[in-house]
Amino acid sequence: MMSHTVEKIRGIYAITADSAINLEQIEKIIIQHKISILQYRHKTTDNALKLIEATKLRQLCLQYHTLFIINDDINLAQKVNADGVHLGKTDDSIQAARQLLGAHAIIGVSCYNDIKLAQQAQTQGANYVAFGALFVSTTKSDAPHCSLDIITQARQQLTLPIVGIGGIDFNNQQQAFAAGCDAVAMINSLFES
């Protein structure tokens, strides 16, 4: 049975741009697009600034009842009391994240274009899986391509929410939802709009 929190993994899943955080801009995006999940991702800065930015974003998300997820870093997620963490191929395991963050933490896993990896993540206790890149991505140009057919197949085989990632914008998001995504991750189309 899905927790009430995981049921909120629907619609637009906003990911911060890999640049300095503009709280006013992010607040407008949360309000305008009814963002229910915000993932903090800032790979090009030091840990001290990450802690400051993540702390501010956590407070903003609490104000708007928006889930706050940290990309890759389970220790930062714990420090700011984030709702959870999103793990990639080279990050900590689901088990390590669960041990550090607790039973109620939301743990998402990137599965790229691999349904077996998603099934494994589901078995290991992930709360959602992400597939992509569904479209050409300027953020991660080297990301493996994931066809919309894989999303449709995954939807038939998984009980977890599915997040579509990679190159999703306001013009193509409906294709991802029609294929079976519960949520779509957006970066550039949100922050450049």
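Ala-14 stands opposite Leu-38 in strand 2, where strands (E, at least two residues) and helices (H or I, at least four) are DSSP runs numbered from the N terminus. The chain crosses from strand 1 through helix 1 (residues 23-33) to strand 2 in a right-handed β-α-β crossover, a term which means that, with the strands pointing away from the viewer, the path from the first strand over the helix to the second runs clockwise. This is a predicted model, in which local features need pLDDT of at least 70 and side-chain atom pairs count only at pLDDT 80 or more, while totals for chains, interfaces and linings use all residues. Residues are numbered from 1 along each chain as its sequence is written, and side-chain values use heavy atoms, with hydrogens and water left out.

Strand 1 (residues 11-15) and strand 2 run parallel and are joined by three bridges, two strands being paired if DSSP finds at least two bridges between them. On its other partner, strand 3 (residues 67-71), strand 2 also runs parallel, with four bridges, and here Leu-38 stands opposite Phe-68. Strand 2, helix 2 (residues 47-63) and strand 3 make a right-handed β-α-β unit.

Within strand 2 (residues 37-40), Ile-37 and Gln-39 point one way, Leu-38 and Tyr-40 the other way, and all are buried, that is, under 20% relative accessible area with a 1.4 Å probe and protein chains only.

Helix 4 (94-101), strand 5 (106-112) and helix 5 (115-123) each supply at least two residues of the lining of the second largest pocket. A pocket is an open set of points on a 1 Å grid over the protein atoms alone where a 1.4 Å probe fits, with protein on both sides within 12 Å along at least five of seven lines, and lining residues have an atom within 4 Å of a point.

Terms used. Buried < 20%, exposed > 50% of the residue type's maximum accessible area, 1.4 Å probe, protein only.
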